[in-house]
Amino acid sequence: MDESDLYTFTGSTITSYLEESENYTDFAYICSKVILSLRSESTISQLLSTRGNYTVFAPTNETLHHYLDSIFLTKDYDITQLSDSVAQDIARNAIIDNGTKNAYLTTDFMVGAWH
């Protein structure tokens with residue numbers, strides 16, 4: 001085998017970035033909890049740590065806690081007690097699978113109302 005054609009990725013995946021960033025550990029936890037489908041045991045974290053073209057709108061820990069506190073009407077809701085259905089809603093609404101199309105860039109979004 002010609003080893004000159006082999007490539008080893010050395011950068012960060014979105015999964016490693018989320019896990020290593022102190023601001024996104026709760027979203028990383030949610031992604032590690034949510035399975036892809038009833039036919040699979042793979043998680044969203046595992047999917048995002050492999051090859052793919054995704055846009056991820058990852059909520060910060062502060063944002064997640066504010067959201068969870070508001071829907072469960074409690075302060076400092078324990079994220080480890082999160083139901084599978086709520087975790088799934090959060091993860092699936094934060095990720096776009098771009099397939100073969102270009103990923104979204106921050107410059108693709110405008111601030112304010114669009115006319």
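## Exercises on helix packing and a salt bridge

The side chains of Asp84 and Lys33 meet in a salt bridge, 3.5 Å from N to O (a side-chain nitrogen of Lys or Arg within 4 Å of a carboxyl oxygen of Asp or Glu). This is a predicted model, in which local features need pLDDT of at least 70 and side-chain atom pairs count only at pLDDT 80 or more, while totals for chains, interfaces and linings use all residues. Residues are numbered from 1 along each chain as its sequence is written, and side-chain values use heavy atoms, with hydrogens and water left out.

**Exercise 1.** Determine which helices the salt bridge links, and whether Asp84 is buried or exposed.

*Solution.* Begin with the count: the structure holds 1 salt bridge. The pair joins distant parts of the chain, since Asp84 belongs to helix H5 and Lys33 to helix H2, 51 residues apart (helices are DSSP runs of H or I with at least four residues, strands are runs of E with at least two, and both are numbered from the N terminus). Next, consider accessibility, where buried means under 20% relative accessible area, exposed over 50%, and partly exposed in between, with a 1.4 Å probe and protein chains only. Asp84, at 57%, is therefore exposed, whereas Lys33, at 24%, counts as partly exposed.

**Exercise 2.** Find which residues of H5 are buried, and what they pack against.

*Solution.* In H5, which spans residues 84–92, the buried residues are Val86, Ala87, Ile90 and Ala91. They lie on the same side of H5 because they cover an arc of only 130° around the axis, the arc being that of the directions from the helix axis to the C-beta atoms. As background, an α-helix has 3.6 residues a turn, so residues three or four places apart point the same way. The buried residues of H5 pack against helices H2 (25–33), H3 (44–48) and H4 (61–72), and against strand E2 (95–97).

**Exercise 3.** Describe how H2 and H4 cross, and which residues make the contact.

*Solution.* The axes of H2 and H4, lines fitted to C-alpha atoms over the stretch in contact, come within 7 Å and cross at roughly 70°. That angle makes H2 roughly perpendicular to H4. Contact (heavy atoms within 4.5 Å) is made by Thr25, Asp26, Phe27 and Ile30 of H2 with Asn61, Leu64 and His65 of H4.

**Exercise 4.** State where Ser45 lies and which residues it touches.

*Solution.* Ser45 is found in helix H3 and is buried, with a relative accessible area of 8%. Leaving aside neighbours within four places in sequence, Ser45 is in contact with Thr15, Ala28, Cys31 and Ser32.

Note on methods
Axes are lines fitted to C-alpha atoms, for helices over the stretch in contact, and angles run from 0 to 180 degrees between N-to-C directions. Angles under 35 degrees count as roughly parallel, over 145 as roughly antiparallel, 65 to 115 as roughly perpendicular and the rest as oblique.
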